[in-house]
Amino acid sequence: MEERFLTSLDIMWKGMLSIFCVIIIITLLVMLFQWAEKKITTFIENKRQKKTE
Amino acid sequence: MDFLLSGITSVTIPQLLMYCVGILLIYLAIAKGYEPSLLLPMGFGAILVNLPLSGVIDQVLPGIGNTHGIIQWLFESGIEASEALPLLLFIGIGAMIDFGPLLSNPIMLLFGAAAQFGIFFTISAAVLMGFSLPDAASVGIIGAADGPTSILVSQILKSNYIGPIAVAAYSYMALVPLVQPIAIKAVTTKKERLIRMPYNPVSVSKRLKIIFPIAVTIIAGFVAPQSVSLVGFLMFGNLLRECGVLATLSDAAQNILANLVTLLLGITISFSMRAEAFVTWHTLLILLLGLVAFVFDTVGGVMFAKFINLFRKNKINPMIGAAGISAFPMSARVVQKLAIKEDPTNHLLMHAIGANVSGQIASVLAGGIILNLLTTILK
């Protein structure tokens with residue numbers, strides 16, 4: 001019983017860590033993509049504005 | 001006259017109890033509106049499979065031999081052999097989810113992860129109550145607040161309690177509006193519940209909405225390969241929705257597929273509600289542990305929000321953490337209702353929906369990760 005309980009605690013920290021790892025990677029990727037998209041859009045708009053000037 | 005009475009004379013007391021359970025589930029579905037699409041077929045199925053010599057399960061008839069029953073066949077081929085029914089349902093669920101509110105505020109993703117704490121807490125609690133590790137993990141996954149995930153994980157882990165687990169998962173999902181407010185109020189102060197959060201959504205491009213399901217599948221696959229069937233089918237459904245060129249398939253997944261599979265899943269799962277498997281004191285323990293899982297999911301999410309607030313200038317209302325469970329959209333509505341109750345001008349719905357959608361991703365991830373960890377440990 002004690003061994004099984006210790007295993008369940010092992011599952012607890014490894015499980016929570018794995019979920020957070022995946023979720024944090026996804027969060028960072030989404031933020032990075034949004035940042036890059038914003039930069040690219042601004043860059044293109046600036047370029048277009050310069051051309052028209 | 002024996003041939004007329006053979007059925008009624010062979011009814012056992014556990015079978016009579018199961019008729020009461022079946023009628024109770026049908027009552028809850030019809031009168032109370034608790035998850036009727038699942039509880040009603042399960043309730044009717046519970047009566048069907050517990051009739052003496054029921055034709056819906058395999059029987060050995062004198063002079064004829066083996067006969068096959070439709071519900072047992074559906075269970076063996078649709079759930080036991082391939083886990084096809086719960087997985088197919090994920091395509092429909094994925095097609096129904098709009099990740100827009102989450103992508104416009106990606107920090108909400110973290111609350112989905114935190115609100116899975118109840119799953120792991122319950123696994124330990126179940127072990128302490130004497131359940132084996134695979135059974136404890138199957139019971140813990142009730143905390144995913146996601147019926148198909150619970151059914152799938154308990155089936156893959158060959159749990160003996162798939163029936164009570166399915167009943168507990170769907171019942172507590174329906175009871176979220178009753179369970180969550182009590183848990184939230186127990187771990188928050190009035191001052192915390194009054195915290196306001198301005199909503200400044202960032203516009204989400206179509207490109208991001210298409211890339212998101214693909215990226216999530218790949219990342220989840222690398223970290224927890226066992227989660228790929230769950231996450232993959234969920235994200236495949238979402239890709240159908242977001243790609244913009246498969247409107248009819250997306251519509252079919254959201255309506256025809258989801259309805260058909262839900263209908264079959266409910267009546268199929270009733271195979272595991274045969275009296276000999278269901279009427280045990282373990283069923284009561286599982287119902288109790290299911291409640292523990294939902295409460296600690298809520299507490300985990302709220303406490304994580306409080307923890308994050310230690311480092312933030314713009315505080316997050318801790319109730320948002322409670323919306324990180326997968327019960328969509330009930331959980332987000334509960335948070336919104338509680339916020340309005342404290343201050344009628346404090347609207348948290350959009351934040352809560354973001355966290356709630358994140359819970360749907362995190363719950364399937366949790367299912368896959370548990371399978372991954374258990375297969376590694378039990379090797």
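How many aromatic pairs does the rule find over all chains? The count comes to 9, where rings of Phe, Tyr and Trp (its six-membered ring) pair if their centres lie within 6.5 Å, with planes under 30 degrees apart called stacked, over 60 edge-to-face and the rest tilted. Before we go on, a word on the ground rules: this is a predicted model, so local features need pLDDT of at least 70 and side-chain atom pairs pLDDT 80 or more, while totals for chains, interfaces and linings use all residues. Residues are numbered from 1 along each chain as its sequence is written, chains are lettered from A in the order in which they are written, and side-chain values use heavy atoms, leaving out hydrogens and water.

Let's start with a pair of rings. A:Phe20 and B:Phe304 have ring centres 5.3 Å apart and planes at 45°, so they count as tilted. This pair crosses between chains: A:Phe20 is in helix H1 of chain A (residues 2–52), and B:Phe304 is in helix H18 of chain B (residues 281–309). Helices here are DSSP runs of H or I with at least four residues, numbered from the N terminus. Both A:Phe20 and B:Phe304 are buried, on a scale where buried means under 20% relative accessible area, exposed over 50% and partly exposed in between (1.4 Å probe, protein chains only). Ring pairs also bring in B:Phe111, giving a cluster of A:Phe20, B:Phe111 and B:Phe304.

Helix H18 turns up again within chain B. The rings of B:Tyr172 and B:Phe294 sit with centres 5.8 Å apart and planes at 45°, so this pair is tilted. B:Tyr172 belongs to helix H11 (residues 162–174) and B:Phe294 to helix H18, which puts the partners 122 residues apart. B:Tyr172 and B:Phe294 are both buried.

Now for the interface itself. On chain B, 39 residues are in contact with 26 residues of chain A, contact being heavy atoms within 4.5 Å. The two chains bury about 3,000 Å² between them, and carbon and sulfur atoms give 85% of that; buried area is the accessible area (1.4 Å probe) that two parts lose on being put together, summed over both. What about charges? The rule finds 1 salt bridge across this interface, meaning a side-chain nitrogen of Lys or Arg within 4 Å of a carboxyl oxygen of Asp or Glu. B:Arg207 and A:Glu37 form a salt bridge, with their closest N and O atoms 3.2 Å apart. On the side of chain B that touches chain A, helices H7 (109–114), H8 (117–128), H14 (206–223) and H21 (349–377) each give two or more residues. H14(B) gives the most, with 9 residues.

Over all chains, the structure holds 9 salt bridges. In one of them, B:Lys190 meets B:Glu342 with the closest N and O atoms 2.7 Å apart. B:Lys190 lies in helix H13 (residues 190–193) and B:Glu342 in helix H20 (residues 330–342), so the bridge ties together parts 152 residues apart in sequence. B:Lys190 is partly exposed at 48% relative accessibility, whereas B:Glu342 is buried at 17%. B:Arg193 joins B:Lys190 and B:Glu342 in a network of salt bridges.

Finally, have a look at B:Arg274. Its charged end sits over the ring of B:Phe271, 4.1 Å from the centre; the cut-offs are NZ of Lys or CZ of Arg within 6 Å of the ring centre and within 35 degrees of the ring normal. B:Arg274 also forms a salt bridge with B:Glu276 (3.5 Å, N to O), and B:Glu276 is exposed at 61% relative accessibility.
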